[in-house]
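This report describes how the chains of one model meet. Look at the structure first, then read the sections in order.

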Amino acid sequence: MLVSPYAFLAQVVQFLVALAAAPLLTGWINQWRAWLQNKTAPSLLQPYYVLHKLFQKEAVAAENASPLFRATPYVVFGCMALACGIVPAVSTDLPLAPAADAIALVGLFALARVFISLAAMDVGTAFGTLGARREMLIGFLAEPALLMALFCASLITSSTSLSAIVNKMAHSQFQLYPSMAFAGVAFTIVSLAENARVPVDNPATHLELTMVHEALVLEYSARHLALLEWAASLKLFAYSCIGLALFFPYGVAQADAPLAMLISLPALGLKLAVGGFALALIETVSAKLRIFRVPEFLAVAFVLAVIGLLVHGLLGA
Amino acid sequence: MDRMLNLDTILTVITIWVGIGVIALVAPRRTRFIAHALFPASALLSLALGALAIHGLFAPPQATILGLGLPGLPFHWRIDSLSAFFLAVIGVASAGTSIFSAGYLRKGEGTAPGLQCLQYHVFLAAMALVVLADDAYSFMVAWETMALSSYFLVMANARVASIRSAGYLYLLLAHIGAIAVLLCFGVLQASTGDFTFANLRAQQLPPFWASIAFLLAVIGFGAKAGIVPLHVWLPEAHPAAPSPVSALMSGVMLKTAVYGLLRVAFDLLHIQIAWWGALLLGLGLLTAMFGVVFTTVQTDMKRLLAFSSIENLGLVFVGTGLALMFRTYGMQALSALALTATLFHVAAHALFKTLLFLATGSVLHATGERNLGKLGGLIRTMPWVAWLGLIGALAASGLPPLAGFVSEWLLLQTFLFTTHLPTSFLNMLVPVVAAAVALVAALSAYAMVKFFGVIFLGQPREEKLRHSRDASRCERIGLAWLAAGCVMLGLFPIHAIDGIDRVTRLLVGFGLGPTVHANGWLLLAPTSIQRASYSPVIFLLVLAASTAFTAIAARIVYHGRLRRVPAWDCGYPFQTARMQDTSEGFGQPIRQIFESFFRMHRDLPSPFDARPRYRVVVEDHFWYWIYQPVQALVERVARLAGRVQQGRISIYLLYSFLTLLMMLLLMGR
Amino acid sequence: MIALLTQAINLFAAILLILAFAMITQRRILNLVHLFTAQGLTLVAATLDVGYLTAQHSLYVSAAFAFALKVVVLPTLLHRLTDRLQVRFDVEPLLNTPVTMLIGILLVAFAFDLASPIAALSASIARATLGIALASVLLSFLMMITRAKAVPQVIGFLSMENSLFFAATAATNGMPMLVELGIALDALMAFLIGGVFMFQIREQFDSLDIRHLERLREE
Amino acid sequence: MTALTLLLACPIVGALLLAGLGHTRIGAEVNIAASAATTACALWLAAKVAADGSLLAYGELFYIDSLNMFLVTLTAFVGLTTSIFSRPYMRIERDHGRMTPLTMRVYHAAYQLFLAMMLFALTTNNLGALWVAMEAATLCTVLLVSVYRTAAALEAAWKYFILCGVGIAQALFGTLLLYLAADRLIGGGEGALLWTHLEAVKTQLEPTILSLAFVFLLIGYGTKTGLVPVHHWLPDAHAEGPTPISAVLSGLLLNVALYAILRCKVLADGALGNGLPGRAMVVFGLVSVLLAAFLLHRQRDIKRLFAYSSIEHMGLITFAFGLGGPIANFGGLLHMTMHSLTKSAIFFAVGHAAQKAGTQVMDEIRGLLQISPTVGWGLMLGSLAILGMPPFGVFASEFLILTSAMRQLPWAAPLLLLALAVAFAAVLARVQPMVFGETTVKRLPHPPALIPVFTHLGLGLLLGLFIPPFLANWYARAATLLGG
């Protein structure tokens, strides 16, 4: 298929924006968390400093670490970058969009998860395996929930291609979809879980009773760790964009109006800022769950999403 | 004339297979000869068969009659797209297993290699003949021969009691299934007495009898496919067999059951009824959930794979059910979509499950261990097996861009259309099913991470594992062949769908071929590009590109220095390999969440126990719900029957006296 | 004269039936043997009678055979046997006598009922005899069932063959010679083998009570 | 004519010879030689009959048509293989001191006499003579069953003697009634018992008499066929006699008894014309199959096990002939052949297995594959064959029977299949550990005679995959002869 120069441009822009802005979003959220908890906040650019520092350090790997261990950070980073490239954040006219639809996107996240879990098991420390197990435990409930949430939108727009969803959502006349309400709640829960946020996980602590993400990356250092952290913020960015695409698909540029990107970029920034604040708020007001409560928490999301589907089937909307 | 050649050539190939077996029987103990001459030859034959089958897939049907068999009913053979598809699957998969066996076969106790070789090839031939059979008799003969030969293969070293009971259970259930199939044919022929499929096809059964036939088919073929509750034999028998055989049984033999079901439900029966589809859907779902949940808690690597096969067959049944439902409501296109997903999954599962079983075979030979609790860290000593196995594991967990994902993707796509079903009940049901399918997929990923991680990653849990040797050359070839298959099938689904297109045209009168091709070979869009599209090639390229780019960039911008140090011990220096998470540990969360699925016996040591032992046995409810009661019933009836025979001659005379009087009363009138 | 002889056949038949009943009731083995001999004599008489009436000389021959076998050989052998084996009484039969009699009567009625249509068709001079033959077959069967020792069982078996023989001669005016011979031979063989067995059983279980022979069973 | 004469002469001469020198070293060889000669004559006769149709001989005393011809051939053949098998087997028995010179002599002579009587029964045209031969065959086997003189053997033989004696007596009464019915049409004398004559006038025979006659004949000969509920002698006799005798009892005698029933059924069908005889046989068959299948679950003795399996299969065959119709009859005849081949093969294997293990109790027989692989495989394959596993011939015949059952008696087919499944479970559960299990027994010196086993199994396999046309035509002709 022929790719229009604008589309190509949009794709590049989106990649760059994602890579650049992802740590910023993380920083923004951390800042707000701090403020909401009456702490003095770190700088907005703190994540960049951390990444830079880590990249400079000499990497350290366990003696028995296999190639899989070393390859994983790059693979995970690649997955997240691709995810950010697929989700229509800046424009819906992305050359990569048709290559992977919503289901493929979920598959992509799963791929990353499987790799990181395997890498965590590779060295063979108690922590690694524990982290891997918990990650997969969260994953096997979060994935279908996410998928169902996406399906709610797909049923409405009768398409699983994200850009098509955004197009339809944004440009059919405004309408309230009850099913999307369920989907929204489900999606929020899932993204909390997937991005290692309170109440599911707390990146700030290293308490083995609770930690998931930190346990996974425990063996990593330097550039590997940096890439993983960066990938984490990319994941957060991607999730936010998906959320926006599903629930606030307004202001995203279309194929017919390439220059709309000039509007869509600030719009995106604004939406992310608000979303980040909301996330910080949620994290502040909610308390960390026990690890065995997490499946129930996610099960709620799963059930809600399914109910969303049923509601759609019932009301035909 | 060239077309006529095709089927005859196929039959010849099959005959040569048997011939190879017989040759092996002549020199039963010459392992080297059998391994290095016969098995590679049969692998080549498999390739030829696969090629011929693919040719036959696009050719019009051909039939031929062999003068053998019953006088009134000689062996009819016929190849149409459906049988050709399954024949291709058999060819491709068996090529892998045969070449693998060439490296795998070695002296040892148990059946003599030559005999094994014979049984193996009879097994292959029987499977091929099952899909070629065109009358009830030849089908039954092939079907039972398949069961019988695989039974003997399972019993390869029958000195182990557990293997014996496994074999018994297997053959018994296989036979009961076969009886159901025979009855099914009996119903289908509608007392015309003509058992050729042509005639069965021609019969116009009333709905009631059609349903009976369908149910019998579900029982018969379900027993072979390991559909709950007829699954109990599968996790016992598959692990018991030598690995190449387990691979064939899981990867290929189960598919013949799918073939049989499709043949009966779509081809031989002239009507379909809505609740059939719903039934299959329900059964499939139950099976899939059951299978995957049990997969996650297994501690024996081959058992784990066996349960995963149950899960996958469940998914296949779900797809078949959907296809059937759409067919009944006259939605040919959707039916075709569902069927495509199903058949694609059949092919994918054949590849990756065979691959995984063969990998376990290599591990078994290198370490002599099947227990996950005693493996680990093999990626360092057996890189070939590990990396090729990784491909299989990823494909099995349905991750893009590999084969497993495509079928899952297609299946989920199908679900998104189901809201157009006429009955609201199904509309309500289907989203739930879709959710369950998604859950199953995610859980299978969980199980595969456990499988791969515990076997190949971490530190070796036993000292001997440090000296395990990697697979031999032939084994590597076999593994690589199948792994390549997984990748290719994942990257170029469109070309596979071209073939499947013919099958769906045959069964439901519609094919995805044209729509798929509308968007070029790169982009898979089953219905329309607006609706959904997926391009594994681009997906992989971008992924690889960004990964490579990051790696290079990191090196260029900063540096690529790496220092090797001991793993961080969290300040606790006395760590051993045994302190890693065990396979039980890995499955524990699932065991907790899905507790109601299992029947568990757990004995936990007390805190003051000097030498604490933790043991957990996970069992299957169905055994206690169904099989034991049936057994008891038979016993009771037998005891009653035994009363008749209680040794006193006068009583015996009395029997015959009374019989005489009764007969005289009845017939004297 | 002819009429008298014709009636005589029915008389013999009746005697046979009575003897059969007597055998059921009789518990002394010696008397059983005597009754058996009597049966044989009646049989011979009946055969001669029929032979005379139907002018079938083959029947004289078979009568001679019957006399030799059923009146001379078998009874003597039986006497020897009972002496050698020291069996005088049968133990209490498995079914007590009155009940057995009752059943016997029912059987006779049943047999007559069955045979009546055939008798109507029968071309032979003695119509009613078939029914009686059938009745006595069933009675001997009953006897074999109720007896708990080997010797009476064998006697019952032999008397059954007698009734069959009677049926053959009286009801159908005699079977072909060859068959008659065969049957006679078989009967003799059977008796000899039975005798041999009784000795073997005796030395195995030092008793002829066949309730020892209840080991092979399915319980 | 001459072929027939020789056919009957060979075994009788053999019997006389063996009565003289059966106890000597060459007794077994003479036995084999006589059987071989018989088989040769049988084949010769078969060739003649195949060439120029059915024949009458000795003033209609003998009648050979396609129905009894194949049974004659089968009987002669199985008789031969059994004699080959019995040579080493009985030698070992004698070494173990279970056979004395006297009993050896009795054994060999009676064996040949038994064969002669069966052949006579098969070939004769005179129903009375048929009865005489059957009785004689019974008496021979009674002697053979009791040959070990153990308590159990005596009990078995006594039961066999009494029950079959009574049964056969009833058959005689049936024959009488037939004669009675016949001489009203044909007039008395020889003719009235000749099957050919009766067959000619069968439609005019008096129905009331014929129905009674058939009852007596069915129960009489049915006792020897081993139909439930008059089967009780069968397991005992099979289990306690020498194994070669079990083989010929199962493989041949039951067939011959069934053959007698078939001859009579043809007449009864002709006279009654209401299919009642067929229905009676169907019921007997079904009951036998079901009861036997369940009783298999209670067996501990290996020979008893296969005795019950014989009852089951005889029931199946009776059922088939009861159904009638070309396909069912064809299936029945084929199943007769398959069953006698396979079952005798099994008994050969069982005999060796029991000798090697030194017991007939199945729980004590283990790991035959280690003691003697050939015996093990023989037993395994034989059992699977008799259980109706393709590609063995038993499956072919069962397929035919079941399918025609599905057509004519839909309600009966599931019952039969249930019974087959139950039987499968029972037999496999017992055979598998015997063949595959672990054992401590050492290999025994004397090599078993396994040619018979594998010849039979090979034939079974062959017929399962391909029935030669001439055989097929033969069966087809016999099947039509039996009618609906």
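## Chains B and D

The contact between these two chains takes 43 residues from chain B and 52 residues from chain D. Two residues are in contact if their C-beta atoms, placed from the backbone, lie within 7 Å. On the side of chain B that touches chain D, α5 (136-154), α6 (161-188), α23 (621-644) and α24 (649-668) of chain B each supply at least two residues. Helices (H or I, at least four residues) and strands (E, at least two) are DSSP runs, numbered from the N terminus. The largest share of this side, 11 residues, comes from α24(B). By class, the side has 29 nonpolar, 10 polar and four charged residues. Ala, Val, Leu, Ile, Met, Phe, Trp, Tyr, Cys and Pro count as nonpolar, Asp, Glu, Lys and Arg as charged, and the others, Gly among them, as polar.

## About the model

This is a predicted model, in which local features need pLDDT of at least 70 and side-chain atom pairs count only at pLDDT 80 or more, while totals for chains, interfaces and linings use all residues. Residues are numbered from 1 along each chain as its sequence is written, and chains are lettered from A and ligands numbered from 1 in the order in which they are written.

## Chain B by itself

Chain B has 24 helices and five strands. Its radius of gyration, taken over C-alpha atoms, is 27 Å, close to the 26 Å that the globule rule (2.2 Å times the number of residues to the power 0.38) gives for 669 residues, so chain B is as compact as a globular protein of that length. Along its principal axes, the C-alpha trace of chain B spans about 110 × 70 × 60 Å.

## Chains A and B

Which chains share the most contacts, of the four pairs in contact? They are chains A and B. Here the contact takes 68 residues from chain A and 65 residues from chain B. α5(A) gives the most to the side of chain A that touches chain B, with 17 residues. That side has 43 nonpolar, 17 polar and eight charged residues.

Strands also meet across the two chains. β1(A) pairs with strand β3 (residues 562-565) of chain B in the parallel sense, over four bridges; two strands pair if DSSP finds at least two bridges between them. A:A62 stands opposite B:V565 in β3(B).

Chain A and chain D do not touch, and their nearest C-alpha atoms are 41 Å apart. No contact joins chain A and chain C either; their closest C-alpha atoms lie 56 Å apart.
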